[in-house]
Amino acid sequence: MAKRVHQPREDAEFDFILRMSSVPVLAYFTGTWPKAIEPCRTMDLVVGGIADAYADRLTAVRTDITRCPAATERYGITGAASYVLLKDGEPVAHGTGPSTTAEVRDFLDSHL
């Protein structure tokens, strides 16, 4: 996974990343239960590449649903491999994965 992808260990750290980001945040939500592992691995690869390509326009945050339950609930996430684009901490758009790099780029380009 790209070094540019933040991985908060708890909700407070997630909120800190949101406050400190001067650019929109792509938060993608992952899980570790069996049905979530493969879709989440796919999104790790997709978002890792996007985080590098969009480094000056976007902060990427890999958010574990079990470690950040308040963020998960706040943004209406109901399953792993879901993502939300946030501007100033407010949701702009949601998506579900696993998605291809082209799909996520189109999603971002239409909202950034």
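The model is a prediction in which local features need pLDDT of at least 70 and side-chain atom pairs count only at pLDDT 80 or more, whereas totals for chains, interfaces and linings use all residues. Residues are numbered from 1 along each chain as its sequence is written, and side-chain values rest on heavy atoms, with hydrogens and water left out.

Secondary structure elements are DSSP runs numbered from the N terminus, with helices (H or I) of at least four residues and strands (E) of at least two. The buried residues of H2 are Ala36, Cys40, Met43, Asp44, Val46, Val47, Gly48, Ile50 and Ala51, where buried denotes a relative accessible area under 20%, exposed one over 50%, and partly exposed a value in between, computed with a 1.4 Å probe on protein chains only. These buried residues pack against strands S1 (5-6), S2 (25-30), S3 (59-64) and S4 (82-87), and also against helix H4 (101-109), a contact being defined by heavy atoms within 4.5 Å.

Strand S4 is mostly covered, with five of its six residues buried. Two strands are taken as paired if DSSP finds at least two bridges between them. On this basis S4 runs antiparallel to S2, to which five bridges join it, and valine 25 has leucine 86 of S4 as its bridge partner. Strand S5 (residues 90-96) is likewise antiparallel to S4, the two being joined by six bridges, and valine 84 stands opposite histidine 94 in S5. Two residues lie between the strands in the hairpin of S4 and S5, where aspartate 88 takes a positive phi near 55 degrees.

The structure holds three aromatic pairs, for which the rings of Phe, Tyr and Trp (its six-membered ring) must have centres within 6.5 Å, with planes under 30 degrees apart counted as stacked, over 60 as edge-to-face and the rest as tilted. In one of these pairs, phenylalanine 14 and phenylalanine 29 are tilted, at 6.4 Å centre to centre and 45 degrees between the planes. Because phenylalanine 14 lies in helix H1 (residues 11-20) and phenylalanine 29 in strand S2, this pair ties together parts that are 15 residues apart in sequence. Phenylalanine 14 is buried at 1% relative accessibility, as is phenylalanine 29 at 0%. Phenylalanine 14 also forms a tilted pair with tyrosine 75, at 6.3 Å centre to centre and 55 degrees between the planes. That pair links distant parts of the chain, 61 residues apart, as tyrosine 75 belongs to the loop between helix H3 (69-74) and S4. Tyrosine 75 is buried, with a relative accessible area of 6%, and Phe14, Phe29 and Tyr75 form one aromatic cluster.

Arginine 4, in the segment before S1, is partly exposed at 48% relative accessibility. Excluding residues up to four places away in sequence, arginine 4 touches Ala51, Asp52, Ala55 and Ala60, and its C-alpha atom lies 9.5 Å from that of isoleucine 50, although 46 residues separate them in sequence. Alanine 55 is found in the loop between H2 and S3 and is partly exposed, with a relative accessible area of 30%. The C-alpha atoms of alanine 55 and valine 5 are separated by 9.7 Å, with the two residues 50 apart along the chain.
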